[in-house]
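Subject: Structure handover

Hello,

Here is the structure for you to take over. Please open it first, then read the notes below it.

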Amino acid sequence: MAYQVSNFIPWCFVLAVVSITIFTPKVCFANKQSKIESLVKNQIDQCWRFNPEWRKHRSQLATCSVGYAGKMTNNIGKDLIHYKVIDPSDDPINPKIGTLRYGASKVQGKVWITFQRDMHIRLEKPLLISSFTTIDGRGVNVHIADNACLMIFKATDVIIHGLRIHHCRPQAPGMVIGPNGKVMSLGQVDGDAIRLVTTSKIWIDHNTLYDCQDDLLDVTRGSTNVTISNNWFREQNKVMLLGHDDGYMRDKDMKVTVVYNYFGPNCYQRMPRIRHGYAHVANNLYMGWVQYAIGGSMGPSLKSESNLFIAPMSEHKEVTWRKNSDGTEDKWEFYSVGDAFENGAFFIETQGGQVQKPNYNLEQNFKVVDAKCVRSLTMLSGVLRCSKSSIC
Ligand SMILES: *[C@@H]1O[C@H](CO)[C@@H](O)[C@H](O)[C@H]1NC(C)=O
């Protein structure tokens, strides 16, 4: 059992002292970025990255999430199974012990998956991740690329951390081992890096996602309580879709937090595109876009808070995009609070009305920092390079 609260108290204490005595900057200096500064202000990272013993205490990560996913404490505890991927091969129906698919789909209960070494995994079919599963790529270089990618289908309590997912391609219908460990038939899927279908309590943190045939990340079909944090999205036309389609009314209850992500270079649109539900989009960096950064339809609500929007050189300076499906006035509530704009970027807000607050509970809540800090906050988004000796 790796998780012991008492081991972390000294580090929290050290952090508190360090933050109070040295790093109490109320402002961030654009030219004076440091790894330490980004760590201190990033509420998720500062929870574990100061611990040089993080390898021994991997499950500490589950206590670090914020936003709608809340704390991922259902993923850890006495009955946690530690599973190590030693074999990069894949069999979608009869996965071998030691492969990623065996750990993610076959093993049931709380599973913490790590990787023995650097790996390039080419999945033969989408990987259907079971409830209470954590995939932890810290300390090694794991690529999931060049064919099928990840899917969370009718599952809850999943953490995906530290993976490079790219060149995902559409997949024909076929048989695959499902999240309950039993073979099921799966329909056609688009080439998304990570697709969520009817899921809740999902945390996607510090991944690098790029160059896939559909979206990089889809949150669909009644999925809710999702936190998307510290990821690096780049080289992609359609980046992030929240809400399945215009007719899928269950997505009205969708709640998603998008925080500390880095979008760009070469992201065209959908960062995110939202239908129906509510998104809190805070402290992200937008390094340009082609069509727009944030858009929506079907009466979505969105609070954009303290992001940094850097417009592209082209004439498309508007951050926002709104689809009016059939000419009738859809309700839409898009508000910008404390955002920073560079290079002529501008955000068109809903006229009148009032910004809907995220209404986080205690474990979901986090401090949104000044948009001036976003450059340093997102400097280490995507997969972290963790050296053998020091902090990650
Ligand atoms: C989402 O999270 C909230 C707060 O923890 C919880 O009350 C609610 O039941 C969750 N919704 C779902 C569908 O799991």
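In these notes, buried means under 20% relative accessible area, exposed means over 50%, and partly exposed is what lies in between, with a 1.4 Å probe and protein chains only. This is a predicted model: local features need pLDDT of at least 70, side-chain atom pairs count only at pLDDT 80 or more, and totals for chains, interfaces and linings use all residues. Residues are numbered from 1 along each chain as its sequence is written, and side-chain values use heavy atoms, with hydrogens and water left out.

Salt bridges

The rule: a side-chain nitrogen of Lys or Arg within 4 Å of a carboxyl oxygen of Asp or Glu. That gives 18 salt bridges. One of them pairs D215 with R270, at 2.9 Å from N to O. D215 sits in strand 15 (residues 215–220) and R270 in the loop between strand 21 (267–269) and strand 22 (273–275), so this pair ties together parts that are 55 residues apart in sequence. Helices (H or I, at least four residues) and strands (E, at least two) are DSSP runs, numbered from the N terminus. D215 counts as buried because its relative accessibility is 1%. R270 is buried too, at 14%.

Next, D246 and R275. Their closest N and O atoms are 2.7 Å apart, in a salt bridge. D246 lies in the loop between strand 18 (236–242) and strand 19 (255–259), and R275 lies in strand 22, so the pair ties together parts that are 29 residues apart in sequence. D246 is partly exposed, because its relative accessible area is 21%. R275 is buried, at 11%.

D370 and K372 also form a salt bridge, at 3.7 Å from N to O. Salt bridges that share partners also join R58, D136 and R138 into one network. Back to the pair: D370 is partly exposed at 38% relative accessibility, and K372 is exposed at 53%.

The ligand

Which residues are around the ligand? They are S200, T224, N225, N361 and Q364. The cut-off for near is a heavy atom of the residue within 4 Å of the molecule or strand. By class, this shell has five polar residues, no nonpolar ones and no charged ones. The classes: Ala, Val, Leu, Ile, Met, Phe, Trp, Tyr, Cys and Pro count as nonpolar, Asp, Glu, Lys and Arg as charged, and the others, Gly among them, as polar.

Look at N225. A polar atom of the N225 side chain lies 2.3 Å from a ligand oxygen atom. Taken alone, the ligand exposes 360 Å², and the protein buries 36% of that. Areas come from the Shrake-Rupley method with a 1.4 Å probe; for residues, only the protein chains shown count as cover.

Polar contacts

A polar contact is a pair of N or O atoms within 3.5 Å; within protein, one must be able to donate a hydrogen and the other to accept it, and residues adjacent in sequence count only if both atoms are side-chain atoms. The side chains of K303 and E305 make one, at 3.4 Å. K303 belongs to strand 26 (residues 301–305). K303 is buried, at 10% relative accessibility.

N147 is in the loop between strand 6 (142–145) and strand 7 (150–153). A polar side-chain atom of N147 lies 2.7 Å from the backbone oxygen of L123. N147 counts as buried because its relative accessibility is 9%.

Loops and surface

N307 lies in the loop between strand 26 and strand 27 (308–310). Buried or exposed? N307 is buried, at 0% relative accessibility. N307 and L285 are 22 residues apart in sequence, with their C-alpha atoms 6.0 Å apart.

Q46 is in the loop between helix 2 (35–41) and strand 1. Q46 is partly exposed, at 24%. Its C-alpha atom is 8.4 Å from that of C64, 18 residues apart along the chain.

Last, the surface. I93, M175 and V183 make a nonpolar patch of about 230 Å². Patches take residues with over 30% relative accessible area and no salt bridge; like charges are joined within 9 Å, and nonpolar side chains (Val, Leu, Ile, Met, Phe, Trp, Tyr) within 5 Å. I93 lies in the loop between strand 1 (81–85) and helix 3 (100–106). I93 is partly exposed, at 36% relative accessibility.

Best wishes
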